[in-house]
Amino acid sequence: MSWDWTHHRVSQDRLAETAEELQGKGFRLALVAAHDDGGAFRIVYLFLAGRPDRRVELECVVPGNDPALRSLAYLSFPASRFEREMADLYGIRAIGHPKMRRLVRHAHWPEEWYPMREKAVPATGFDVPGRFPFVPVEGPGVYEIPVGPVHAGLIEPGHFRFSVAGETVLRLKARLWFVHRGLERLFHGRPAGGALDLAERVSGDTSVAHALAHSLAIEDALGVRLPDPVHRLRALLVELERLYNHATDLGALANDVGYALANSHAQRIREQLLRLNAAVTGHRLLRGAVRPGGVTVRALPDAAVLRSIAADVAEVAELTLRNTVVLDRFAGTAVLRADDAHALGCLGYVARASGLRTDARLDHPTTALPVTEIGGATGDVLARYTVRRDEYAASTELACDLVQSHSGPLDYVAPLPSVPAARSGIGIVEGWRGTIVHRVELDAAGRITRAKIVDPSWFNWPALAVAMADTIVPDFPLANKSFNQSYAGNDL
């Protein structure tokens, strides 16, 4: 598929003006990537709009001895967070930012240590941890409940600070980045075709979607164009990933309100799907099938089996919602209004459950697919449950269409060409949580000099705190599961 793509180098004054113009035309800020070019810092802002697919990059350069630029925080909430990330990782200040508090940087990081700068070395000494600047809520009967970062079970670390009156949540603040791995820095220096293992491990439950976004970015940079059947095989793998994750979430949500029977059946179904994944690709999480320039599938799944499992999922969902206790807990809980979801830049099922229209399969397609759009309106736990349920059915039919219409080989490999000069590329994929964006830069030797990754969790995590306002503390596990965002995909 073709798209409208432009790149502009602008001054700081023109940056704000052009960003305003793009936002007025329906573009969203999808990514901000800083680059250390030695004597200067280069910041790339990627704006996206869909139907038709449009991509605009704005590039602004700031001096290396005084890295500062005018803040775009007034323009959008995502811009404010990208600027805080740059301040922590690169030391680039955003002048005029209303709340330039640390985001990625934890208290034990040494001052003036910016790990994404080219000359940064591993920190040898750490400062004494200090208090994180949570905003206190005061008033009669108000108190705080700290939760995490270490939790029961197998979930990743995250700290949640509740300010409550009785059981009612007045304010929730999430503190993440406990699993920050410096993943983007690990891409630097890898050959164009030699970083797939990192892409697959951005977020383990989204292995194939991140592998595909990375591969599309590399192919875009190198000018590689693949035949349509390859894109359709890749799309099939992304749908298989969507299926096992949605089935798991439907059971986990029921389990969080005490309906363990539905969760037991969902776990049984999940195991069926993971075994199916292994038969299709040789890996239960679909790793190793997608790579820059190609795709390898061992066997196509049986469409009849996929439809049989979908009928099983539909029955489990029907039994779950027929339970009046479950329905009472789901309905009206942790409401995310459409205007809040839009202001926060939400993506995926979180956005669609609040009435927003967003799907990269239609906004930024690599091939034409018969995608059935699923949406909600109420923005509560029930809406996020039913969107998953309905997306499962729609994804099954899409997967069956891709299986039954496939022609050609199941293994395709295109050589990656060399390029005479540095190039950049973008990859966009609708993962099961929402739109994933990868941007890479390659040097003339074909090595990765910068990789920027934005998982939908980056946009959706702040929405959990908004939805929890006026919700009671005991509903937090249920609300959190209804969002089910990735810690690793956010923390990178």
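View 1. Let's start with Trp177, which is buried, having a relative accessible area of 5%. This is a predicted model, and in it Trp177 sits in the loop between β9 (168–175) and α3 (183–187). The backbone here deserves a look: phi of Trp177 is near 70°, a positive value in a residue other than glycine. For context, most residues other than glycine have a negative phi.

**View 2. Leu286, a buried leucine with positive phi.** Leu286 is not a glycine, yet its phi is positive, at about 70°. You will find Leu286 in the loop between α7 (260–281) and β10 (290–291). With a relative accessibility of 1%, Leu286 counts as buried, because the cut-off for that label is under 20%.

View 3. The bond from Arg51 to Pro52 is cis, with omega near 10°. Pro52 belongs to the loop between β3 (40–49) and β4 (54–63). The bond from Gly148 to Pro149 is also cis, with omega near 15°. Pro149 is part of the loop between β7 (142–147) and β8 (159–165).

**View 4. Tyr45 and Leu237 in the largest nonpolar core.** The largest nonpolar core holds 152 residues, and Tyr45 and Leu237 touch the most other members. Which helix gives the most to this core? Helix α6 (residues 228–255) does, with 13 residues. In soluble globular proteins, nonpolar side chains tend to be buried together. Zooming in on Tyr45, and setting aside its neighbours within four places in sequence, we find contacts with Leu15, Leu29, Leu31, Val32, Val56, Glu57, Leu58, Leu69 and Leu72.

**View 5. Helices α14 and α15 pack together.** Helix α14 (residues 456–467) packs with helix α15 (residues 476–483) at an angle of about 150°, and their axes are 10 Å apart. Angles over 145 degrees count as roughly antiparallel, so α14 is roughly antiparallel to α15. On the α14 side, the contact is made by Asn460, Trp461, Ala463, Leu464 and Ala467, and on the α15 side by Phe476, Ala479, Asn480 and Phe483. The crossing of these two helices, α14 and α15, is right-handed.

**View 6. Helix α2 meets α14.** Which residues of α2 meet α14? They are Phe77, Pro78, Arg81, Phe82 and Glu85, and they meet Trp458, Phe459 and Pro462 in α14.

View 7. An unreviewed UniProt entry lists residues 10–119 as "domain: NADH:ubiquinone oxidoreductase 30kDa subunit". Over residues 10–119 the chain is 25% helix and 32% strand, with 26 Å between the end C-alpha atoms. The unreviewed entry also places "domain: NADH-quinone oxidoreductase subunit D" at residues 256–402. Over residues 256–402 the chain is 60% helix and 3% strand, with the end C-alpha atoms 34 Å apart.

Methods
Residues numbered from 1 in each chain as written. Predicted model: local features only at pLDDT ≥ 70, side-chain atom pairs only at ≥ 80, totals over all residues. Heavy atoms only, no water. Core = buried A, V, L, I, M, F, W, Y, C linked by side-chain atoms within 4.5 Å. Buried < 20%, exposed > 50% of the residue type's maximum accessible area, 1.4 Å probe, protein only. Helix = DSSP H or I, 4+ residues; strand = E, 2+ residues; numbered from the N terminus. Contact = heavy atoms within 4.5 Å. UniProt positions renumbered as here; feature names shortened; annotations may be inferred. Axes fitted to C-alpha atoms, helices over the stretch in contact; angles between N-to-C directions. Parallel < 35°, antiparallel > 145°, perpendicular 65-115°, else oblique. Left-handed = near helix turned anticlockwise from the far one by under 90°.
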